Amino acid sequence: MIQFSTRRDRLKESARRVKVTRKNPPDAEDAWDPAGNPRFDVRVAHIARVYNYWLGGKDHFAADRAAGEQTISVYPGIRLSARANRAFLARTVRYLAAAEGIRQFLDIGTGLPTANNTHEVAQASAPESRIVYVDNDALVLDHARALLTSSPQGATAYLDADLREVDKIVDQAAGILDFSQPTAIMLIAVLHYIPDVGEARAIVARLLESVPKGSFLIISHAGSDLFPEEMDAFEKSLNEHLPADRHVARPRDEVMRFFDGTKLLPPGVVRVSEWRPDAAEEAATATTLWGGVGRKALPWSPALRAAGKPALPAARARDAIHDPVTWCPGPPGPR
Ligand SMILES: C[S@@+](CC[C@H](N)C(=O)[O-])C[C@H]1O[C@@H](n2cnc3c(N)ncnc32)[C@H](O)[C@@H]1O
């Protein structure tokens with residue numbers, strides 16, 4: 001069910017109850033709804049809450065803290081890496097809103113509300129921006145009202161759904177977003193929880209199909225080739241704690257292939273801290289995530305491309321298709 005940023009719907013949302021399978025959660029009042037029913041199983045770690053722990057947030061339970069501590073013990077850099085990922089989210093959204101005129105954002109795998117949520121960043125540049133948040137975690141749903149604080153000119157909504165349910169996401173998000181207009185699809189630190197790479201690619205391709213050219217795709221993704229030994233130990237440790245999700249880091253060339261059908265904006269797929277950093281210090285932050293932004297491309301005629309001529313008018317040539325093997329090859333012709 002999608003939730004809208006009106007008072008009535010916020011009240012409806014707070015009345016929602018999330019079903020759980022176990023009783024007697026050990027340590028958190030938040031785990032109970034006002035009627036005394038448990039909201040979710042706090043004995044099992046979930047990535048949204050573990051990530052909140054790495055970020056220094058307060059929305060986690062003992063199982064999440066145990067997972068957080070053990071993963072930090074094998075890879076202490078995960079805290080900085082998670083922060084660098086949030087900073088990447090803010091920089092990419094700010095850039096698309098301020099410089100590319102994007103006014104619609106579909107943020108899938110939203111995470112728990114924290115500083116610089118997508119609507120706050122986008123609406124700071126363009127108050128009329130419309131944002132749909134999507135996550136499959138019960139606690140994120142429970143805290144969704146913090147995401148439904150749109151500017152009066154714009155709109156925000158929250159959809160309780162799994163990334164794999166692309167048709168449901170697109171159908172329901174269409175109540176808020178106009179999919180005939182350019183939209184930013186945001187898959188920030190979520191695709192590495194889809195273990196099958198073919199399934200992950202199909203999800204991205206299907207999402208890209210649902211938006212017009214001139215739309216953007218933002219991805220950050222754990223890199224198996226960034227600090228490979230630490231990442232391997234970190235991933236094993238994390239997966240021992242996550243019965244519902246499995247973390248699968250991928251090498252940079254696999255992450256780049258998610259951008260097929262788009263043209264990568266410079267600097268291409270890089271460590272998230274190196275994507276248009278605000279300061280040299282920011283760029284130097286060690287991170288285990290690759291990140292990039294691609295613009296949905298216009299098709300190219302293979303024959304004309306081989307001849308080195310753009311198949312499209314020069315003004316539209318910058319939207320030419322991304323070569324999946326080398327990042328940001330760019331078409332011949334002016335940008
Ligand atoms: C590591 S957090 C990233 C949060 C946020 N995107 C960020 O980068 O700060 C991953 C989020 O994706 C969500 N998630 C994981 N698998 C998902 C799926 N299959 N469908 C929807 N959300 C998912 C988790 O609940 C969690 O909130």
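# Close-up views of a predicted model

View 1. With 24 C-beta neighbours inside 10 Å, A189 counts as buried, because the cut-off for a buried residue is 20 or more. A189 belongs to the loop that links strand 5 to helix 8 (197–209). Look at its backbone too: phi of A189 is near 55 degrees, which is a positive value in a residue other than glycine. Please keep in mind, here and in every view below, that this is a predicted model.

**View 2. The whole protein gives a setting for the close-ups.** The protein has 335 residues, and 47% of them count as buried. Its elements are 12 helices and nine strands. Among contacts in the protein with a separation of 6 or more, 70% are between residues 24 or more positions apart.

**View 3. Helix 2 crosses helix 3 obliquely.** Two packed helices are described by the angle between their axes and the distance between the axes. Here the axes of helix 2 and helix 3 (residues 62–74) come within 8 Å, and they cross at roughly 60 degrees. The two helices are therefore oblique to each other. As for handedness, the crossing of helix 2 and helix 3 is right-handed.

View 4. How are helix 3 and helix 9 oriented, roughly parallel or roughly antiparallel to each other? Their axes come within 8 Å and cross at roughly 165 degrees, with helix 9 covering residues 228–241. Helix 3 and helix 9 are therefore roughly antiparallel, because angles over 145 degrees count that way. This crossing is right-handed. From helix 3, the contact uses A67, Q70, T71 and V74, while helix 9 brings E230, A233, F234, S237, L238 and H241. The residues of this contact divide into five nonpolar, four polar and one charged.

**View 5. A proline lies in the loop between helix 3 and helix 4.** The residue to look for is P76. With 12 C-beta neighbours inside 10 Å, P76 counts as exposed. For a sense of place, compare its position with W54: the C-alpha atoms of P76 and W54 are separated by 9.8 Å, although the two residues are 22 residues apart along the chain.

**View 6. Helix 5 packs against helix 4.** The axes of helix 4 and helix 5 (residues 118–125) come within 8 Å and cross at roughly 30 degrees. Helix 4 passes helix 5 in a right-handed crossing. In this view, A90, V93, R94, A97 and A98 of helix 4 meet T118, V121, A122 and S125 of helix 5. The contact of helix 4 with helix 5 has six nonpolar, two polar and one charged residues. Which residues of helix 5 are buried? They are T118, H119, V121, A122 and Q123. Their cover includes helix 4, strand 2 (104–108), strand 3 (130–135), strand 4 (155–160) and strand 5 (184–188).

**View 7. Two loops show backbone details.** In the loop between strand 2 and helix 5, find N116. Phi of N116 is near 55 degrees, a positive value in a residue other than glycine. N116 is partly exposed, with 15 other C-beta atoms within 10 Å. Next, turn to the loop between strand 7 (262–264) and strand 8 (270–271), where P267 is found. The peptide bond from P266 to P267 is cis, with omega near 10 degrees.

How values were computed. Residues are numbered from 1 along each chain as its sequence is written. This is a predicted model: local features need pLDDT of at least 70, side-chain atom pairs count only at pLDDT 80 or more; totals for chains, interfaces and linings use all residues. Axes are lines fitted to C-alpha atoms, for helices over the stretch in contact, and angles run from 0 to 180 degrees between N-to-C directions. Helices (H or I, at least four residues) and strands (E, at least two) are DSSP runs, numbered from the N terminus. Angles under 35 degrees count as roughly parallel, over 145 as roughly antiparallel, 65 to 115 as roughly perpendicular and the rest as oblique. A crossing is left-handed if the near helix is turned anticlockwise from the far one by less than a right angle, and right-handed if clockwise. Two residues are in contact if their C-beta atoms, placed from the backbone, lie within 7 Å. Ala, Val, Leu, Ile, Met, Phe, Trp, Tyr, Cys and Pro count as nonpolar, Asp, Glu, Lys and Arg as charged, and the others, Gly among them, as polar.
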